[in-house]
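This report describes selected features of one protein chain, for reading alongside its sequence and coordinates.

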Amino acid sequence: MEAVLRATAIYLALLVLFKIAGRRTLADISNFDLLLLLIIGEATQQALLGDDFSITNALIVIVTLIAIDVGLSFVKLRFARIDMLIEGTSTLIVEDGRPLKKRLREARLREEDILLAARQSQGLERMNQIKYAILEKNGKISIIPYSSG
C-alpha cells in the first residue's frame, strides 16, 4: 500500500510542477530539457521505490501510475473545468499581424518563436502575414495566415 501512496503523491507533484512550468516545457525538448527529464526520472524512481527495489514493488508503482493517468483522462472527459485546470486552454498570441505582448510574456514566448512556427508550417516570413497565431494546449503554435483570395 505504501508504494501506491508514494506513486500517487509523486504523480500529482509532477503534474503540478509541469503545469507550473508551462505548456512549452514539453512541446519542444532541447538537450537541457532531456537531461532534466532524465534526472527527474531517476529522482522519481528513488522516491517511488524507497528501500524496496523488488520487481513486485516496481510493478505496483507502474500499475498505479498508469491507473492514475487513465483515471485522470476519464475525469477530464467528464468534467470540462478539471480538463481546463490540468491541460489549460488554447491562447491567442497574434491577432491581425500584431503580437499580443502580455500573452507572450505569460507564455514565456518571443516573437521569434512565432516566426519560426510560421516559417515551418506556412512558409511565412513576416509577422504582418499572420492573421492569427494560437498557442495550443499541447504547447505547439498554430499559424493562420491571411487568405490570398
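## Nonpolar surface patch

In this predicted model, a nonpolar patch on the surface is formed by Ile 55, Leu 59, Ile 62, Ile 66, Val 70, Phe 74 and Leu 77. Together these residues have about 770 Å² of accessible area. One of them, Leu 59, lies in helix α4, which spans residues 55-78.

## Packing of α4 and α5

Two packed helices are described by the angle between their axes and the distance between the axes. Helix α4 packs with helix α5 (residues 80-87) at an angle of about 120 degrees, and their axes are 5 Å apart. The angle therefore makes α4 oblique to α5.

On the α4 side, the contact is made by Leu 72, Val 75, Lys 76 and Arg 78. Helix α5 contributes Ala 80, Ile 82, Asp 83, Ile 86 and Glu 87. Of the residues in this contact, five are nonpolar and four are charged, with no polar residue.

## Salt bridges

The structure holds five salt bridges. Among them is the pair of Asp 83 and Lys 137, whose side chains meet at 3.3 Å, N to O.

Technical notes:
Residues numbered from 1 in each chain as written. Predicted model: local features only at pLDDT ≥ 70, side-chain atom pairs only at ≥ 80, totals over all residues. Heavy atoms only, no water. Axes fitted to C-alpha atoms, helices over the stretch in contact; angles between N-to-C directions. Helix = DSSP H or I, 4+ residues; strand = E, 2+ residues; numbered from the N terminus. Parallel < 35°, antiparallel > 145°, perpendicular 65-115°, else oblique. Contact = heavy atoms within 4.5 Å. Nonpolar A, V, L, I, M, F, W, Y, C, P; charged D, E, K, R; others polar. Patch = residues over 30% accessible without salt bridge, like charges linked within 9 Å, V, L, I, M, F, W, Y side chains within 5 Å. Areas by Shrake-Rupley, 256 points an atom, 1.4 Å probe, with all protein chains shown as cover. Salt bridge = Lys/Arg side-chain N within 4 Å of Asp/Glu carboxyl O.
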